[in-house]
Amino acid sequence: SATLADLAASPERCFTIEMNGETHTVMPASSGSLGLPHAALDLTAVSYQAKLMALREMLSVQKAASMPLADFESLCADVGLECFEAQQARVDLHRAGILLSFEGDENLRGTVFLKPDEVAAVIYGRFGLGSPVLGFLENRTVALGREVDRLNAELEPHLSLKKQLDKEADRGAMRIMWGFTGSGFAFMGLFYHMVFESLSWDVCEPLAFLAALAYTMGGYTWWTFTHAGEDNESVFAYLKSTMTTSRYKAAGLDLAAIARLEEELSGVMEQLEDVGQRKRYLKMLGRLPAAAAGSGRESDDDGAEAA
């Protein structure tokens, strides 16, 4: 149950790990360089980076565009970062473009900006320029559009075949339903002939009782084998489902592949919509006059105002 700090305090506790197919030695002590790129593979550096990743995840779910420095430090404490580590984390995340923190500005040092792209959009817009993030979003839109075209092209033959098979099954089930209807009229005509022309009601009355009993028993038998109702809609739905399944199987239609492609297409379309909304919002921020920049998105807190 020893923590990384306990291990780091025991210089004799070295161990090895496998990374990229090679064995590496992890040192328990550190030179105090924390997460800098030139840091050695040691427990202190790994521990810091792990806490930094946890902090980044916590910041990513924040809806506000900025937060007071005290709240940021509180989040750092929540993931186990010490005071000096929290300051280093703020610098590292600022350099990585994950947040903005202006320690040297007296008016801004008490605020941490969580949406650097919005700040950049406002500043670039003041000079009539588009934010570099917009270029990335444009390229992302093109890439997602190509992915949509690819998925649609892959789906089209499957959906075309499915549509054709569905129509055939619908027509087949409808033909059987018309057959039932015709049989009913034929039986009614036959019974009329027997009652009023060839025989009499005295003879046909028990036949009518037997016919009703046969219909009832037929309904029970139908439900026993199909678990479907006796009404027209239930019978039609059962017939169409059975015919559709048999046609899918005969044609080799892969429903699992269709479901997978449709789910993938839905996910790409959601990404495309999110990117489109992000582009529109950043463009709107870039067009805001200086006096209006503070009210760009009040519902999402004060992102533009901070910029």
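**Entry 1: E264 and R260**

I looked up E264 and R260 and found both in helix α9, 4 residues apart, about one turn of the helix. Helices here are DSSP runs of H or I with at least four residues, strands are DSSP runs of E with at least two, and both are numbered from the N terminus. The two residues form a salt bridge, with 3.9 Å between the closest N and O atoms. I take a salt bridge as a side-chain nitrogen of Lys or Arg within 4 Å of a carboxyl oxygen of Asp or Glu. An α-helix has 3.6 residues a turn, so residues three or four places apart point the same way.

The model is predicted, with local features needing pLDDT of at least 70 and side-chain atom pairs counting only at pLDDT 80 or more, while totals for chains, interfaces and linings use all residues. Residues are numbered from 1 along each chain as its sequence is written, and side-chain values use heavy atoms, with hydrogens and water left out.

For accessibility I noted that E264 is partly exposed at 31%, and that R260 is partly exposed at 45% relative accessible area. Buried means under 20% relative accessible area, exposed over 50%, and partly exposed in between, with a 1.4 Å probe and protein chains only. Both residues also belong to a network of salt bridges that links E147, R150, E154, R260 and E264.

**Entry 2: Helix α9 as a whole**

I recorded that α9 covers residues 255-287, which is 33 residues. From first C-alpha to last it reaches 48 Å, close to the expected 48 Å; the expected span is 1.5 Å times one less than the number of residues. D254 caps the N-terminal end, a side-chain oxygen lying 3.2 Å from the backbone nitrogen of A256. Among the buried residues of α9 I listed I258, L261, L265, V268, Y281 and L285.

The C-alpha atoms of N152 and L265 are 7.8 Å apart, although 113 residues separate the two in sequence. N152 is partly exposed, at 36% relative accessible area.

**Entry 3: Salt bridges from α9 to other helices**

I noted 14 salt bridges in the structure. R278 pairs with D117, the closest N and O atoms being 2.4 Å apart. This pair links distant parts of the chain, 161 residues apart: R278 in α9 and D117 in helix α5 (residues 116-126). R278 is partly exposed at 22%, whereas D117 counts as buried at 17% relative accessibility.

I then examined E138 and K283, whose salt bridge has its closest N and O atoms 3.5 Å apart. E138 lies in α6 (residues 132-198) and K283 in α9, 145 residues apart. E138 is partly exposed at 31%, and K283 is partly exposed at 35%.

**Entry 4: The sheet**

Which strands form the open sheet, and in what order? I found 3 strands in the order β3-β5-β4, with antiparallel pairing. Strands pair here if DSSP finds at least two bridges between them. β3 (66-68) and β4 (100-101) stand at the edges with a single partner strand each, so one side of each has no neighbour in the sheet. I counted 3 bridges between β3 and β5 (residues 111-113), and M67 stands opposite V112 in β5. Helix α3 (residues 69-78) packs on the sheet and touches β3 and β5, contact meaning heavy atoms within 4.5 Å. The direction of α3 makes about 90 degrees with that of β3; axes are lines fitted to C-alpha atoms, for helices over the stretch in contact, and angles run from 0 to 180 degrees between N-to-C directions.

Methods
A polar contact is a pair of N or O atoms within 3.5 Å; within protein, one must be able to donate a hydrogen and the other to accept it, and residues adjacent in sequence count only if both atoms are side-chain atoms.
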